[in-house]
Amino acid sequence: MTDTPLLLDCDILVGHDVTTGRWGRPENIAKVFSDSGISGGVVSGLRAVHFDVPSGNDEARQVADGNGWTTCPVLDLRDPLGAEKELERQLASDTPPRAIRLAPTAQSVEPTYPAFGHVVQLLVDAGLTIFAEGDVRKVGPALRGLGARVVFLDTHFYYLGDFVVLARSEPGFHTSTRMLTGPDSLEIVAAEVGAERLVLGCRTPFHETRSVIRRLLSSKLSEDEIAHAGSRSLTTLLEPAC
């Protein structure tokens with residue numbers, strides 16, 4: 001390619017990562033974007049993932065608004081009743097979200113738990129896209145048969161086959177490109193279920209953003225397929241469901 005397509009990161013995190021002690025500061029994210037050619041994306045708050053959901057979601061919204069990015073609130077799977085209230089608050093806002101991030105592993109909630117199924121059904125009924133952290137082999141089966149629109153944020157190259165098997169029967173299933181850096185991994189997804197199932201995800205600033213970008217731009221995908229993975233897939237997922 002001679003021209004870099006529009007690039008949007010579906011997996012931006014702000015706040016303190018309690019597992020590593022690192023910080024996701026907005027100014028650092030903006031610099032990584034500037035250096036790597038990313039125009040924006042979808043941001044969630046680590047405070048919402050780990051500690052206080054409302055204040056964490058408010059923080060992420062403030063960062064998103066200040067940078068021209070899109071906010072993606074988080075719900076607490078450990079507290080399904082609290083999740084109901086937070087979802088109501090988000091949907092009642094002036095700019096209701098089009099996607100919600102779920103973090104079952106970070107919140108120690110198995111996909112088989114009643115709370116997980118309850119929250120997922122709320123999101124499906126609301127027509128929201130789900131950005132799901134965790135092992136696609138565990139989280140994916142719990143989201144089958146619901147008509148859900150999902151982006152699996154942590155699909156590893158080793159489990160690419162599991163994603164493809166799931167996605168063949170679930171048109172709403174998508175995968176982040178973040179860990180699909182193995183040989184022909186992006187090309188396999190495009191050939192099996194279509195490039196529109198690929199969504200650029202870099203987890204900026206906690207992952208190697210530029211490596212993910214280089215892998216996409218140097219892939220064997222066509223220019224149109226790269227454009228889908230780079231931004232069009234995400235843009236479509238953030239539109240209201242028909």
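These legends walk through a few close-ups of a predicted model.

**View 1. Helix α5 from end to end.** Helix α5 covers residues 114-125, so look for 12 residues in this view. From first C-alpha to last, α5 reaches 17 Å, close to the 16 Å expected at 1.5 Å a residue. Just past the end of α5 sits Gly-127, with a positive phi of about 70 degrees.

**View 2. The two faces of α5.** Tucked away on α5 are the buried residues Ala-115, Phe-116, Val-119, Val-120, Leu-123 and Val-124. Looking down the helix axis, these buried residues fall within an arc of 165 degrees, so they line one face of α5. On the face turned away from that buried side, you'll find the exposed Pro-114 and Asp-125.

View 3. The buried residues of α5 pack against α4 (80-91), β5 (99-102), β6 (129-132) and α6 (136-142). The helix lies across β5 and β6, and runs at about 165 degrees to β5.

**View 4. Leu-123 and the cores.** The largest nonpolar core has 53 residues, and Leu-123 is among the four that touch the most other members, along with Leu-102, Leu-143 and Phe-152. Setting aside neighbours within four places in sequence, Leu-123 is in contact with Leu-75, Leu-87, Ile-100, Leu-102, Leu-128 and Ile-130. A second, separate core of 12 residues includes Leu-8, Cys-10, Val-42 and Leu-237.

View 5. Five strands make an open sheet in the order β5-β6-β7-β8-β9, with parallel pairing. At the edges stand β5 and β9 (198-199), each with a single partner strand, so one side of each has no neighbour in the sheet.

How values were computed:
Residues numbered from 1 in each chain as written. Predicted model: local features only at pLDDT ≥ 70, side-chain atom pairs only at ≥ 80, totals over all residues. Heavy atoms only, no water. Helix = DSSP H or I, 4+ residues; strand = E, 2+ residues; numbered from the N terminus. Expected span 1.5 Å × (residues − 1). Buried < 20%, exposed > 50% of the residue type's maximum accessible area, 1.4 Å probe, protein only. Arc of directions from axis to C-beta. Contact = heavy atoms within 4.5 Å. Core = buried A, V, L, I, M, F, W, Y, C linked by side-chain atoms within 4.5 Å. Pairing = 2+ DSSP bridges. Axes fitted to C-alpha atoms, helices over the stretch in contact; angles between N-to-C directions.
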